[in-house]
Amino acid sequence: MRVLQRIKSTGSQPHKPKSRQIRSGKIFMRSKRFTLGLMILILAGLVWAGVRVWNMNTAVSTTPLQHAQIGIVLGASMWGAEPSPGLRERLDEALRLYRNGTVQRFIVSGGLDQPDFPYTEAEGMQRYLVDRGVPIQHIVLENQATSTYENLLYSQHIMEEYGWTSTVIITHSYHGPRAMEIAQFLNFDHPQMALTESKVLNMPIHQSREVLAYAKWTLQRWWISAQAWIA
């Protein structure tokens, strides 16, 4: 009887290590698949970001620019009561287009940067343009936007209110691809782009921020499209 018990006990022992090996193998395979999936995801993200940066570096203005009823100047940060150097670059491009007759009027778009600032981005841009000879009646304020999507959406509403159809969107080159994509998403009628290169902005920092902003816009676009499909 004892011999049988020993045989049974010795016969059952190899199963325990084998079971552990199977479990360890499954854990290893799951870990390997997770690591591989994570690496693929990171690689895809890097490729996607690289494409975005390449688009920023190769963006150019619409050529040739056609005469348009409206130039939409996309807002950027204010420095207290004055436009920041980067925003002034956009405004100087807007002035160039106004003086050569490419655009007849402006929509300046941008809300309040900080509660203690005396002017919204739109008001600061209006003051800058008026000080340089643009009649105030040729400038329409859009004071509410807090993002590029809102810049263009609210400006589109103003265009519809006034019956304007042709436009040139004025911004920096690094910002142009996303602005154009948003304008096309909103069904602007053949939007044109007037892009200026910056001599004052730190491009690596602004391009990095723009990549993040582009990712945010991509998610927002999917969400808006999903809501429209459900509705």
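Arg96 is partly exposed, at 43% relative accessible area; buried means under 20%, exposed over 50%, and partly exposed in between (1.4 Å probe, protein chains only). This is a predicted model: local features need pLDDT of at least 70, side-chain atom pairs count only at pLDDT 80 or more, and totals for chains, interfaces and linings use all residues. Residues are numbered from 1 along each chain as its sequence is written, and side-chain values use heavy atoms, with hydrogens and water left out.

Arg96 pairs with Glu93 in a salt bridge, with the closest N and O atoms 2.7 Å apart. The term requires a side-chain nitrogen of Lys or Arg within 4 Å of a carboxyl oxygen of Asp or Glu. Glu93 is buried, at 10% relative accessible area. Helices (H or I, at least four residues) and strands (E, at least two) are DSSP runs, numbered from the N terminus.

## Salt bridges between elements

The count of salt bridges is four. One of them joins the side chains of Arg127 and Glu82 (3.9 Å, N to O). Arg127 belongs to helix H4 (residues 121-131) and Glu82 to strand S3 (residues 82-83), so the pair ties together parts 45 residues apart in sequence. Arg127 is partly exposed at 31% relative accessibility. Glu82 is partly exposed too, with a relative accessible area of 43%.

Glu210 and Arg178 form another, at 2.6 Å, N to O. This pair links distant parts of the chain: Glu210 is in helix H7 and Arg178 in helix H6, 32 residues apart. Both residues are buried.

## Helix H5

H5 covers residues 148-162. Its 15 residues should span 21 Å at 1.5 Å a residue, and the end C-alpha atoms are 21 Å apart, which agrees. The expected span is 1.5 Å times one less than the number of residues. Gly163 follows H5, with a positive phi near 80 degrees.

Buried residues of H5 include Tyr149, Leu152, Leu153, Ile158 and Met159. The buried residues of H5 pack against several elements, among them strand S1 (68-74), strand S4 (103-109) and helix H7 (203-230). Contact here means heavy atoms within 4.5 Å.

## Nonpolar surface patch

Phe34, Leu38, Leu41, Ile42 and Leu46 form a nonpolar surface patch, with about 550 Å² of accessible area together. Leu41 lies in helix H2 (residues 15-58) and counts as exposed, at 61% relative accessibility.

Patch residues have over 30% relative accessible area and no salt bridge; like charges are joined within 9 Å, nonpolar side chains (Val, Leu, Ile, Met, Phe, Trp, Tyr) within 5 Å. Areas come from the Shrake-Rupley method with a 1.4 Å probe; for residues, only the protein chains shown count as cover.
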